[in-house]
Amino acid sequence: MTPIYEVAVGVVLVVGSLFALIAAIGLLRLQDVYMRMHAGSKAGTLGSGLMLIALAIHAHQIDVITRALAGVVFFLLTAPVAAHLLAKAALEVGYRPCAATKVDEMPKPEE
């Protein structure tokens, strides 16, 4: 493996790890389920996707590269859908956004 590939893999791994760390901190520090879900779905997907891309760059086997890229596509397709369904379920059971949320365009449930 040439030094250029090694540096590329290292940079992509570090950036992906930073995004995964930001997602983990967001899950711990943000105030309600909607904010936490946003951190987990956006930063977590980007972090894990970048780490899988680093694996694809590092591997010299077509089956590993194919599986890593399929994993990236899987993350990109499923994370937004899962986040949307979680938000919808939380809203249906009556969990309202916290006071720090400036705009709440969802209608109030009938009581």
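Arg-67 forms a salt bridge with Asp-63, in which the closest N and O atoms are 3.1 Å apart, a salt bridge being a side-chain nitrogen of Lys or Arg within 4 Å of a carboxyl oxygen of Asp or Glu. The model is predicted, so that local features need pLDDT of at least 70 and side-chain atom pairs count only at pLDDT 80 or more, whereas totals for chains, interfaces and linings use all residues. Residues are numbered from 1 along each chain as its sequence is written, and side-chain values use heavy atoms, with hydrogens and water left out.

Arg-67 is exposed at a relative accessible area of 58%, while Asp-63 is partly exposed at 37% (buried means under 20% relative accessible area, exposed over 50%, partly exposed in between, with a 1.4 Å probe and protein chains only).

Helix α1 (residues 3-29) comprises 27 residues and reaches 38 Å from its first C-alpha to its last, close to the 39 Å expected at 1.5 Å a residue, where the expected span is 1.5 Å times one less than the number of residues. The buried residues of α1 are Val-9, Val-12, Gly-16, Ala-23 and Gly-26, and what covers them includes α2 (33-58), contact meaning heavy atoms within 4.5 Å. The axes of α1 and α2 come within 8 Å and cross at roughly 165°, these axes being lines fitted to C-alpha atoms over the stretch in contact, with angles from 0 to 180 degrees between N-to-C directions. The two helices α1 and α2 are therefore roughly antiparallel to each other (angles over 145 degrees count as roughly antiparallel, under 35 as roughly parallel, 65 to 115 as roughly perpendicular and the rest as oblique).

Key. Helix = DSSP H or I, 4+ residues; strand = E, 2+ residues; numbered from the N terminus.
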